[in-house]
Amino acid sequence: MDADFKHKLGAAIKERRRICGLSKQKLALMIGINRLTLRRIEEGIGNPTLDVLLKICDGLDTSLASLTARAEGREPDYIYSHEELK
């Protein structure tokens, strides 16, 4: 992943987490990852696997497409919740 994109994706994750009213600790516990791992992802220095990104999306009730659209500086055409994608 490009370093600039990782920073932007991390910022999009952090923004969505705050909108959801979740602390890093709460989200990490909900999705079963370490809080420090989440912090590194939000700071753009982590290298998350697809599985971890999907867990984050699940915990934030959003889609990976929505998060990547925000990271690319565009509004998603539609913000899908995880439930709508099942």
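Visitor: What do the buried residues of helix 2 pack against?
Guide: Helix 1, helix 3 and helix 4 are the partners of those buried residues, with contact meaning heavy atoms within 4.5 Å. Please keep in mind that this is a predicted model: local features need pLDDT of at least 70, side-chain atom pairs count only at pLDDT 80 or more, and totals for chains, interfaces and linings use all residues. Side-chain values use heavy atoms, with hydrogens and water left out, and residues are numbered from 1 along each chain as its sequence is written.

Visitor: Which residues of helix 2 are buried?
Guide: They are L27, A28 and I31. Seen down the axis of helix 2, these buried residues fall within an arc of 100° (the directions run from the helix axis to the C-beta atoms), so they line one face of the helix. Just after helix 2, G32 takes a positive phi of about 80°.

Visitor: Why does S66 count as buried?
Guide: Buried means under 20% relative accessible area, exposed over 50%, and partly exposed in between, using a 1.4 Å probe and protein chains only. S66 has 4% relative accessibility, so it counts as buried. This serine sits in helix 5.

Visitor: What makes the link between the side chains of S66 and S63 a polar contact?
Guide: A polar contact is a pair of N or O atoms within 3.5 Å; within protein, one must be able to donate a hydrogen and the other to accept it, and residues adjacent in sequence count only if both atoms are side-chain atoms. The side chains of S66 and S63 are joined at 3.0 Å.

Visitor: What makes a set of residues a nonpolar core?
Guide: Its members are buried Ala, Val, Leu, Ile, Met, Phe, Trp, Tyr and Cys residues joined through side-chain atoms within 4.5 Å. The largest one here has 17 residues, and I13, L38 and I56 touch the most other members. Helices 1 to 5 each supply at least two residues, and helix 4 gives the most, four. Leaving out residues up to four places away in sequence, L38 touches I13, R17, K24, L27, A28, I33 and I56.

Visitor: How many helices and strands does the protein have?
Guide: Five helices and zero strands. Helices (H or I, at least four residues) and strands (E, at least two) are DSSP runs, numbered from the N terminus.
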